[in-house]
Amino acid sequence: MTGEQGNPGYLRGRAEAPPRSLIAAVRMGRMRHYYHIAGLLLGLAFTAFAELTITGLDADSVTWTNSVSNATCRVTMASTVTSSWDAITLVTNMTTANITQTNAAAFFRVEWINPPDVVRTNLEDHVFWMSSMPIDLNGDGATDVTLRHENFVTPDGSSYSDFIYAKAYCVCLTPFPTGRPIRMDVTPDSWVDASQYGGKILGERKSLLGPWAYGPWAGVTNANLPVQFVSSNAIYLGWVNMTPSTNGTLWDVHSGAYRPAPETMLNAGE
Ligand SMILES: [Ca+2]
């Protein structure tokens, strides 16, 4: 439920049963300590209505509980409860947010909102011979994932290898089937730092046009590479759907996606 932006929004949110969003307002200003306590009392009063409670407020941050791991929370601020509420930040899987330091009295509220829809990018491209393929999942002009081919042949020709690397802030090297959730916690697998040098090896083959028989993507026909990338100091989750090819195109890249809310899950390939 996201329609509680009107006046006085927090009362409307409270009146609905059962509310998907809890709105709690607290006041800060010169008597910060007093209002902090008031915020706690307000939060406690609202506990029966939802599982989100403001538990702290100081000059720099507001803190709340969040019993739903994939909830997206939005913090809004207003000078009075009857004025318009302005979004000042958007967070998820977090229970605190930085707020603008101000000496003026202000009300803050935290609400649950539905996470924004996944944004997909149709790629339908290939990693070319000894080349890099930059992928911009969020369309901001900055590369979020780079796939790259390298070929190594010993001088005497006795050893041949093609490698496909993935470079990103983090990747999960386990190929994810379509539909498997990608979260900040991908147990029993794990995220690895793929930001250094060329990134991490996904696949290797030991003959031209041979099967990609080595590396974490060995034997995969089609799967999704889970990725994390950083934008505006926040981590976003996404995936790239790929096929290790044996038909002369090296490595086929079909599509990618990300969820435009920090640290918020999405399903691989969907
Ligand atoms: Ca980008």
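Strands here are DSSP runs of E, at least two residues, numbered from the N terminus, and two strands pair if DSSP finds at least two bridges between them. This is a predicted model, in which local features need pLDDT of at least 70, side-chain atom pairs count only at pLDDT 80 or more, and totals for chains, interfaces and linings use all residues. Residue numbers start from 1 along each chain as its sequence is written.

**View 1. The hairpin of E16 and E17.** Here E16 and E17 come together with 6 residues between them. In the turn sits Gly248, with a positive phi of about 105 degrees. Strand E16 covers residues 234-244 and runs antiparallel to E17, with 7 bridges joining the two. Look for Trp239, whose bridge partner in E17 is Ala257.

**View 2. E17 alongside E8.** Strand E17 (residues 251-258) also pairs with strand E8 (residues 119-127), again antiparallel, through 7 bridges. One spot to check is His126, which sits opposite Asp252 in E17.

**View 3. An open sheet of 3 strands.** The order is E2-E3-E6, and the pairing is antiparallel. Strand E2 (54-57) and strand E6 (96-98) are at the edges with a single partner strand each, so one side of each has no neighbour in the sheet. From one strand to the next, the twist averages 15 degrees, taken between axes that are lines fitted to C-alpha atoms, with angles running from 0 to 180 degrees between N-to-C directions.

**View 4. Zooming in on E3 and E6.** Strand E3 (residues 61-64) and E6 run antiparallel, joined by 3 bridges. Across from Ser61 you'll find Asn98 in E6.

Note on methods:
Helix = DSSP H or I, 4+ residues; strand = E, 2+ residues; numbered from the N terminus.
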